[in-house]
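Take a walk through this protein chain.

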Amino acid sequence: MFLVLKRNYRASSNMNRFPALLFLLLALSSCNRTLLTNNTPQCKFRLTQQALLLTNKRWQEVSIEARRLSAGAMPTTKDFKDVTGQFSPSDLDDVAIFDEKGTYVFDEGPVKARPESPQVYEKGTWCICKGGNQLILTNGPAITVYDIIRLEEKSLVLQLHRTKEEVADTYLLTYQPF
């Protein structure tokens, strides 16, 4: 997933139970990302000043934080755990590229986990909506909605929510252009 940009993160063998469950959830949720619902905002691509900050750069993930909450729990910023070190170098060198026409690609970067993997593993359309507070990626029928925490010339921070049954997972994803 982009954000989590990579579709198939591979977990290292020395993980504790929470990250292992987290990565299993990521793997399962990336197959059927987010279904279009009445709550999914309608989004039409417009090349705004904010959108220009995203375009024509190779955004690389530099930090991945995760939080898991049970139903009724009140979140705090202390709940996030940095899980960046649990990803392989071949996952962390992946990049997202957004163009000025409203299309994006996720690229494997210089190091691939498997040589037979395609260099570009996802293509689709993107737009910023909700007053500049959400980034929506559409890849065929799959739609992924990210909250934009920060979008600046040299920094992109996105938040992704996943809920299944009584558990809510939130990912805080930080990117830098290179």
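Buried residues make up 46% of the 178 residues in the protein chain. Buried means under 20% relative accessible area, exposed means over 50%, and partly exposed lies in between (1.4 Å probe, protein chains only). This is a predicted model, in which local features need pLDDT of at least 70, side-chain atom pairs count only at pLDDT 80 or more, and totals for chains, interfaces and linings use all residues. Residues are numbered from 1 along each chain as its sequence is written, and side-chain values use heavy atoms, with hydrogens and water left out.

Now the fold. The chain has three helices and nine strands. These are DSSP runs numbered from the N terminus: helices are H or I with at least four residues, strands are E with at least two.

Look inside next. In soluble globular proteins, nonpolar side chains tend to be buried together. A nonpolar core is a set of buried Ala, Val, Leu, Ile, Met, Phe, Trp, Tyr and Cys residues joined through side-chain atoms within 4.5 Å. The largest one here has 25 residues. Leu-54, Phe-98, Trp-126, Ile-128, Leu-135 and Leu-137 touch the most other members. A second, separate core has five residues, among them Cys-129, Ile-136, Ile-143 and Val-145.

How many salt bridges does the whole structure hold? A search finds three. Each is a side-chain nitrogen of Lys or Arg within 4 Å of a carboxyl oxygen of Asp or Glu. Glu-153 pairs with Lys-57, their closest N and O atoms 3.3 Å apart. Glu-153 sits in the loop between β7 and β8, and Lys-57 in the loop between α2 and β1, so this pair ties together parts 96 residues apart in sequence. Glu-153 is partly exposed at 44% relative accessibility, while Lys-57 is buried at 13%.

Asp-169 and Arg-68 meet at 2.7 Å, N to O. Asp-169 is in strand β9 and Arg-68 in strand β1, so they tie together parts 101 residues apart in sequence. Asp-169 is buried at 2%; Arg-68 is partly exposed at 29%. The remaining bridge joins Glu-116 and Arg-114 at 3.7 Å.

Finish in the loops. Most residues other than glycine have a negative phi. Asn-56 has a positive phi of about 55 degrees. Its loop lies between α2 and β1. Lys-130 also has a positive phi of about 55 degrees, in the loop between β5 and β6.
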